[in-house]
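Please read it with the sequence and the coordinates at hand.

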Amino acid sequence: MAMWDRIKDQAKGLQQQAQGARGAGGHTRPGAGSTGGSGSRAQLVSALKSQLTSLKTELKSGAYRDASMAMCALVAAADGHVDPAERQHVESLILHNDVLQNFPSEQLRQRFNKHVDQLAFDFPQGKAEALQEIAKAAKKPTEARAVVQTGFVVAGADGYVAPAEEQVLREACQVLGLSAQEFGL
């Protein structure tokens with residue numbers, strides 16, 4: 001548990017740095033994505049990615065795998081649709097993610113695409129099903145946090161976390177029983 005406390009402290013420090021940078025110049029609302037002005041959101045994403053990597057040996061369960069793929073699909077479809085290029089980009093991020101390499105790539109691809117297809121066909125129903133899948137990871141706090149971190153890393157891969165992506169990350173926190181503020185949302 002001490003390791004998780006250290007990770008939370010690092011994320012909180014980055015969040016406070018981000019808020020300080022916004023407060024110095026800004027009109028950006030707390031938790032808003034950054035396109036690189038202060039770079040603080042990119043630093044937070046980088047820190048979350050490092051934290052996930054440090055937990056790689058603990059994140060081998062099917063619940064984490066399935067919840068993470070649902071989370072990635074929700075992030076990809078956060079605005080209500082997924083164009084083919086975006087789908088391919090997120091799939092590439094998944095397949096090259098150090099932690100997700102614990103799982104066979106075909107399993108990841110299959111689960112991610114299943115959720116994306118459901119979201120594309122009927123977004124409200126697909127979103128409800130993805131959130132149900134995510135909620136299954138709530139039994140293990142380390143995995144629950146890792147699911148949100150995975151979503152955050154995917155959302156921030158382009159250097160910007162869109163408001164719609166922040167919203168689905170907050171909803172995932174809610175179904176996992178986690179505080180969205182813990183992740184700077």
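Ala137 counts as buried because its relative accessibility is 1%, where buried means under 20% relative accessible area, exposed over 50% and partly exposed in between, with a 1.4 Å probe and protein chains only. The model is a predicted one, in which local features need pLDDT of at least 70 and side-chain atom pairs count only at pLDDT 80 or more, while totals for chains, interfaces and linings use all residues. Residues are numbered from 1 along each chain as its sequence is written, and side-chain values use heavy atoms, with hydrogens and water left out.

Ala137 is placed in the loop between α6 and α7. Setting aside neighbours within four places in sequence, Ala137 is in contact (heavy atoms within 4.5 Å) with Ala63, Ala67, Glu143, Ala144, Val147 and Leu176. Arg65 lies 72 residues from Ala137 in sequence, and their C-alpha atoms are 9.3 Å apart.

**The chain as a whole**

The protein chain holds 8 helices and 0 strands, where helices (H or I, at least four residues) and strands (E, at least two) are DSSP runs numbered from the N terminus. Of its 185 residues, 49% count as buried. The chain exposes about 8900 Å², 51% of it supplied by carbon and sulfur atoms, with areas taken from the Shrake-Rupley method with a 1.4 Å probe and, for residues, only the protein chains shown counting as cover. Among contacts between residues at least 6 apart in sequence, 75% join residues at least 24 apart.

Two packed helices are described by the angle between their axes and the distance between the axes. The axes here are lines fitted to C-alpha atoms, for helices over the stretch in contact, and the angles run from 0 to 180 degrees between N-to-C directions.

| Helix pair | Angle | Axis distance |
|---|---|---|
| α3 (residues 62-76) and α7 (residues 141-155) | about 30° | 9 Å |
| α3 and α6 (residues 123-135) | roughly 145° | within 8 Å |

The crossing of α3 and α7 is right-handed, whereas that of α3 and α6 is left-handed; a crossing is left-handed if the near helix is turned anticlockwise from the far one by less than a right angle, and right-handed if clockwise.

On the α6 side, Asp66, Ala67, Ala70, Met71 and Leu74 of α3 meet Lys127, Ala130, Leu131, Glu133 and Ile134 of α6. This contact has 7 nonpolar, no polar and 3 charged residues, where Ala, Val, Leu, Ile, Met, Phe, Trp, Tyr, Cys and Pro count as nonpolar, Asp, Glu, Lys and Arg as charged, and the others, Gly among them, as polar. On the α7 side, the α3 residues include Ala63, Ala67 and Met71, and their partners in α7 include Glu143, Val147 and Val154. The residues of the contact of α3 with α7 divide into 10 nonpolar, 3 polar and 1 charged.

**The nonpolar core**

A nonpolar core is a set of buried Ala, Val, Leu, Ile, Met, Phe, Trp, Tyr and Cys residues joined through side-chain atoms within 4.5 Å. Of the 45 residues in the largest such core, Met71, Phe112 and Ile134 touch the most other members. At least two residues of this core come from each of α3, α4, α5, α6, α7 and α8, and α3 provides the largest share, 10 residues. Beyond residues up to four places away in sequence, Ile134 touches Ala67, Ala70, Met71, Leu74, Val147, Ala172, Val175 and Leu176.
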